[in-house]
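Dear colleague, here are my notes on the model, written for a first reading. Please keep the picture open beside them as you go through the points.

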Amino acid sequence: MNENIVKRNQLLAQQVIKGIESRNMKGYYAANKEEALKIALEIIPESSSVTMGGAMSAHEIGLVDALKNGNYNFIDRDKAEDKRAAMLAAYDADYFLTSANAITEDGVMVNIDGNANRVSAIAQGPKHVVAIVGMNKVCPDVDAAMKRARNVAAPINAQRFGLNTPCAKTGSCMNCKSPDTICCQFLITRFSRHADRIHVILVNDNLGF
């Protein structure tokens, strides 16, 4: 990444973290993927029960592999015989891993979901939430964050999952009501009632979608 972009991201991240912490959440800055992994493992104690929603960013920094291979009770819904039971287990987990489809410069997170297991767990249930968020997802305000979620994250994810949606074919949100749509629920996280329940690690890298 260009050194001027790195410097700009580093400065902007401090502004975003101030916004996050003004919203009763914990914010962290990681200069790279390795530092992000270190911070995440410092947050999550060994022996914790951990699960996740769809979060490519957690995979990209090596966190999922570290948890699977470490002293943690990692609930892997992708390998579970009963996927519904694995999803429900998330609501009683110690830690839930996620990302954000977008985050504003003043710390508001925006997420969209098809089955709602991810957005519902961010909102309530797990004792702690850890979000790994690349600086590529920072937007000026909520309107811009919503547009990013719908026009960048959703089409890419629809293509990734092989879904038959208009956005998978056009690359842009068509505000569809397709049976395959993943834009079913929208979650705007502007404040956490429970202090420090939500941890957001901003990574100076392009992560996820």
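This is a predicted model: local features need pLDDT of at least 70, side-chain atom pairs count only at pLDDT 80 or more; totals for chains, interfaces and linings use all residues.

1. Residues are numbered from 1 along each chain as its sequence is written, and side-chain values use heavy atoms, with hydrogens and water left out.

2. An open sheet is formed by 6 strands in the order S1-S10-S7-S4-S2-S3, with parallel pairing; helices (H or I, at least four residues) and strands (E, at least two) are DSSP runs numbered from the N terminus, and two strands pair if DSSP finds at least two bridges between them. Its edge strands, each pairing on one side only, are S1 (26-30) and S3 (73-74). Helix H1 (residues 3-21) packs on the sheet and touches S1 and S10 (198-203), its direction making about 165 degrees with that of S1; contact means heavy atoms within 4.5 Å, and the angle, on a scale from 0 to 180 degrees, is taken between N-to-C directions of lines fitted to C-alpha atoms, for helices over the stretch in contact.

3. Within the sheet, S2 (residues 49-52) and S4 (residues 95-98) pair in the parallel sense over 3 bridges, and Thr51 has Phe96 in S4 as its bridge partner.

4. Leaving aside neighbours within four places in sequence, Ser48 is in contact with Tyr72, Asn73, Asp94 and Tyr95.

5. Strand S6 (109-113) is largely enclosed by the rest of the structure, because 5 of its 5 residues are buried. Met109, Asn111 and Asp113 cover one side, and Val110 and Ile112 the other, all of them buried. S6 runs antiparallel to S5 (residues 102-104), to which 2 bridges join it, and S6 also pairs in the antiparallel sense with S9 (residues 185-189) over 5 bridges. Val110 is the bridge partner of Ala102, and Ile188 in S9 is the bridge partner of Val110.

Notes
Buried means under 20% relative accessible area, exposed over 50%, partly exposed in between (1.4 Å probe, protein chains only).
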